[in-house]
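Please keep the sequence and the coordinates at hand while reading.

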Amino acid sequence: MIIETKSADPNQTIFSALSCACAENRQQSTLPAQLTAAAAAVLWQPITMADSMVERGTALLRKLEINVAEAEKRTGKNTVNMQETYTVYLIEIRPAETEGGTPAAPDTLWRRYSEFELLRTYLLVTYPYIIIPPLPEKRAEFVWHKLSADNLDPDFVERRRVGLENFLLRVASHPVLSNDKIFFLFLTEADSRLKSLSAMFRVKNPDKRFTALKQYSDELNTVISQLLRIRARVADRLYGVYKVHGNYGRVFSEWSAIEKEMGDGLQSAGHHMDTYAASIDDILEEEEHFADQLKEYLFYTDAVRSVCRKHELIQYELEMAAQDLVQKKQQKEELATGTVRIFSLKGMTSKLFGQESPEQKESRLAALEQSIQEGEETVKEKNTECQEFVRAAWDDIERFKEQKDKDLREALISYAIMQISMCKKGIQVWSNAKECFSKM
């Protein structure tokens, strides 16, 4: 069964389901009663990602197979009634096990990249203590000059398709996110959307652990960005070096035409040079997968900062509640003793027009006492919320660290092996050329 949004712009018609959830979560972030153990680290490699996550993941991946099967270019009108071209992605889900061993027909629906963004925004709002997996880049960045920066370029769309599938698998393998009903509806229903959360605040006593984590996230973002830029520059130069070897092939071939005894050797050497020059296209295409691995963690740094910002917001609310309670207790003390510590309009009024009657004073004291009790309860609730957030967030941060260390270590090792292999191919080409020259 294929589910497809009827409107040319699905974002105009998919507000209802997630908007309510977002409104509730903006008012109060709720933590699960129990959090399962941190999920084991998973591999980025697209070929082994699903298998690895099923082995170490959650019940959702054991029940369902999730794929982003294909991408399709479409044309329609946007919110301002102008014609636009965009890409949609086909999500396929099917039962992991079927009776009789016959594969079940998949349930499918099309999603735009913007809808994936809305899902991730919902997850950020609903689970502020969790490091939400990032999406692949919306626009081509850190590309070497031979690659197209066009968002509709087939190679870029294919890499983004793989990244979107990886995002869904990351969420589906998470011990908490995989149980979210809205996420399941995103996979099965065409009508879902969320608004974003924003707040401006300043914390007086920030948690040093989250401050350090935020600083590390900023530094990691900088390091990975620099690494990607260097890799793009190296790719540009490598491309030029390899293609220049094609000139060797042309010259050797032309030279072989005027030689009799040396002709065969020169012709063979020229062939090896042509092969070497042509190999760079496949090499750099393989390198793009490495770059995508780094980009995933470049975007993960934003997710880590989102968790830190949410903790700052909770800490800010706790500090404001505590400050309000202190002010109310000070007002009660001033009213009870008749002393005013700081200048206030009420204090000036009392001096100008006389003191309050005993009945008025008792009424105000009773109201303040009630307000203080409510304030103490609020501080207690905010303190509990902050402690639960820190516990839950830190559990997920530890899970993320384990995943990050394993993924980046394996990505760097794979890149080093790739470079070694490339150098060996170069050595082999020149060794073959040497043999050709020796036989002349």
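With which side chain does the side chain of Ser256 make a polar contact? The partner is the side chain of Gln267, at 2.9 Å; a polar contact is a pair of N or O atoms within 3.5 Å, where within protein one must be able to donate a hydrogen and the other to accept it, and residues adjacent in sequence count only if both atoms are side-chain atoms. Ser256 lies in helix α7, which spans residues 208–256; helices (H or I, at least four residues) and strands (E, at least two) are DSSP runs numbered from the N terminus. Ser256 is buried at a relative accessible area of 11%, since buried means under 20%, exposed over 50% and partly exposed in between (1.4 Å probe, protein chains only). Leaving aside residues up to four places away in sequence, Ser256 touches Gly263, Leu266 and Gln267, a contact being heavy atoms within 4.5 Å.

The model is predicted: local features need pLDDT of at least 70, side-chain atom pairs count only at pLDDT 80 or more, and totals for chains, interfaces and linings use all residues. Residues are numbered from 1 along each chain as its sequence is written, and side-chain values use heavy atoms, with hydrogens and water left out. The mean pLDDT (the predictor's confidence in each residue, from 0 to 100) is 77, and 72% of residues reach 70 or more. Over residues 192–201 the pLDDT is below 50. Where pLDDT is low, the predicted coordinates should not be read in detail.

The chain has 11 helices and 4 strands, and 44% of its 440 residues are buried. The largest nonpolar core has 67 residues, of which Ile66, Leu168 and Phe210 touch the most other members; such a core is a set of buried Ala, Val, Leu, Ile, Met, Phe, Trp, Tyr and Cys residues joined through side-chain atoms within 4.5 Å. Helix α9 (residues 280–337) supplies the largest share of this core, 15 residues.

Helices α7 and α9 are also linked by charged pairs. Glu287 and Arg231 form a salt bridge at 3.1 Å, N to O, that is, a side-chain nitrogen of Lys or Arg within 4 Å of a carboxyl oxygen of Asp or Glu. Glu287 belongs to helix α9 and Arg231 to helix α7, 56 residues apart. Glu287 is buried at 1%, and Arg231 is buried at 3%. Another salt bridge joins Lys214 and Glu312 at 3.7 Å, N to O, with Lys214 in helix α7 and Glu312 in helix α9. Here Lys214 is partly exposed at 25%, as is Glu312 at 23%.
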